[in-house]
Amino acid sequence: MSALRVRPAAVIGILAVAALPLLVRLVFPASEKYYLHLLIQILLWAFIYTGWSLMGRFGLTSLGHGAFTGIGAYTTVMLWNFAGLTPWLGIPIGIMLASIVGVLVGYPCFRLRITGHYFALLTLALTEFVRLCIVGLRDYTGGSLGTQPKRSGDGISLYAMQFEPDRMLSYYIVFALWLFGLYIWLRVDRSMDRYALDAASQDEDAAASVGIDVTREKLKITALSSALCAFGGAVFAQYQMYIGPDTIAGLGLSLNIVFAVIAGGMWTLLGPTVGAVFTQVLAEGLRVAIQGSATLKGLLGSSALALDQAIYGLLLVLFIIYMPKGILGTGSDWWRRLRQRGPASS
Amino acid sequence: MDCQLDVFFLEAIINGLLLAGLLALLALGLNLIFGVIDVVWICYVELVMVGMYGINYAYKGGAPFLLAAVFGILITALAGVLLHFLVIRPVLETPPINQLLVTGGVLFLLQALATMAFGIEFRNVGIRLGSMNVADMSFSWSRILAFLVALGGMLALWQFLKRTYLGTAIRAIAQDRQIMPLMGVDSRRLYLVTSAIGGGLAGLAATLMVLQYDIYPQIGLQFGPLIFMICVLGGLGNMIGGFIAAFIISQFIAVGSSCFHTEWGYAVAFLFFMVAIFIRPQGLFGGKT
């Protein structure tokens, strides 16, 4: 595989994201922790969303990734809490487990050509199954209340892979994770597998007739995608120091993943990241706006808590109807048309 | 926790049967929509929730229960029409997965609006129907009523589809949606009628559910996955298959819950579902596609 060509714009972009915490320190020294937390959330979810989009872009709309993040997070924490196994080993085990589950469910699906609605609803059942198992094993997992990884010492430990109190450190860990996700995306984008999967998503029979092993290609991308999501889930657990069946597993999370990626743009490198920025900023922005304004607060009362979700749902409907390519996809289309300075011929 | 073939076990099985009626009714509406319009309303149980709140308010506002139920059914029928007109119609020609996802956006919207309007607390209409006791077993009347009404609703829909002109047209368009417009059938109007019926069935289910369950904004997450599973297991769009699948799944839940914890009953049902789909991907009762 040829080395990726690094463009100057990409270098500038990476440096800019790397310098964000310093900017935060300069501009908001008082509430540094809060803004860093926001940035960490964005990058962490961007990584998980990127993992999902690996599959989603090839028409494999999975509602099962809430199961994979859940498996990654719970395996890591359970091994740490009850077996004392360091997350350095626990995370790879969680990732492997998620990949195995992904392949186990994926293999019959792809062999039997379960696609579209059926694939979405079947993976939804997987999500529900994993969530029910987590709740059912309540003696270990804390049931629907969730659980916490045991803290080691003051909360910063290399062995226990705990870094939450140091937000700067957390930011750079998550930043590295995000870059890793983008790198994987690019590798897939420039591989032969991508063309095979593109062909398979257009017409499976035609793809198979030119010698593409469709099932094998789909299994490869499923294993990779579920591994990334499990990794993201495990790091989420290490950063939040809390996991609950509804925060890191479950149907709500699966839907959130799908929708954030659609909002950002499924077919571009930074689409999932834009989706993460969009959803996090929307939720936080509305929260701050409502908290800050007395009239809004009086008008909405406690119902303000759900306002962001309502706007989110409405926007999603509008996005899918009017902008199915997402923010970034549509934006880059406009940009291209502007540059061509001609009437668009789509 | 232990599983014995005693009277409680029998009670669990019969309660499972009674639950199946309600689940079959819920699956019926979804199957009708899918069979005719080829769209999965992933927000279907949220429509039921809208109906439940409607009934709750009408009843608390002083209306007799039957009138409140009619009101609830009208609301959900209207919601079904609006959903089709505003949300489904613009994406009808795009890839099918878009239609599923767009109704997912509606799911978030309805859930959030319900939270904003009614708060997150559990509500109850406060009607107690009591229960029937037979040989140490007790069955609540609300469940028995739900079972009977669900059965009646299904028979009524069956007759409607079989005997009326409109019903015949709906069955015809479910068979071939390309040819029917050429035969001079206004498919847009038929889709709206079907959406209204599908929504109305959600309202009927809501009427039965307010008697048994508390109302809260997240109720869709409790029932939704179960209903989709039943529909897929029976073969999406296959109404009779969905009916039988509801009985299979509810037995898993009822027996599993009586032997183990409730979640394990559900978990086993989901596991069974996945395995069943791998053996028969078109659903247990779906034809070859």
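**Exercise 1. Determine how α3(A) passes α10(A), and which residues make the contact.**

Step 1. α3(A) passes α10(A) in a right-handed crossing; a crossing is right-handed if the near helix is turned clockwise from the far one by less than a right angle, and left-handed if anticlockwise. The model is predicted: local features need pLDDT of at least 70, side-chain atom pairs count only at pLDDT 80 or more, and totals for chains, interfaces and linings use all residues. Residues are numbered from 1 along each chain as its sequence is written, while chains are lettered from A and ligands numbered from 1 in the order in which they are written.

Step 2. The axes of α3 (residues 65–83) and α10 (residues 214–240) of chain A come within 7 Å and cross at roughly 50 degrees. Axes are lines fitted to C-alpha atoms, for helices over the stretch in contact, and angles run from 0 to 180 degrees between N-to-C directions. α3(A) and α10(A) are therefore oblique to each other (under 35 degrees is roughly parallel, over 145 roughly antiparallel, 65 to 115 roughly perpendicular, the rest oblique).

Step 3. Residues in contact have C-beta atoms, placed from the backbone, within 7 Å. Among them are Phe68(A) and Gly72(A) of α3(A), and Ala230(A) and Gly233(A) of α10(A). The contact has 10 nonpolar, eight polar and no charged residues (Ala, Val, Leu, Ile, Met, Phe, Trp, Tyr, Cys and Pro are nonpolar; Asp, Glu, Lys and Arg charged; the others, Gly among them, polar).

**Exercise 2. Describe the arrangement of α1(A) and α2(A).**

Step 1. The axes of α1 (residues 8–27) and α2 (residues 32–56) of chain A come within 9 Å and cross at roughly 155 degrees. α1(A) and α2(A) are therefore roughly antiparallel, and their crossing is right-handed.

Step 2. Leu20(A), Pro21(A), Val24(A) and Arg25(A) of α1(A) meet Glu32(A), Tyr35(A), Leu36(A) and Leu39(A) of α2(A). By class, the contact of α1(A) with α2(A) comprises six nonpolar, no polar and two charged residues.

**Exercise 3. State how many residues each chain gives to the contact of chains A and B, and which element of chain A gives the largest share.**

Step 1. Chain A gives 40 residues and chain B gives 41.

Step 2. On the side of chain A that touches chain B, α5(A) provides the largest share, 15 residues. This side has 30 nonpolar, nine polar and one charged residues.

Step 3. The predictor gives the complex an ipTM of 0.83 and a pTM of 0.87. The mean pLDDT (the predictor's confidence in each residue, from 0 to 100) of chain B is 85.

Methods. Two residues are in contact if their C-beta atoms, placed from the backbone, lie within 7 Å. Helices (H or I, at least four residues) and strands (E, at least two) are DSSP runs, numbered from the N terminus.
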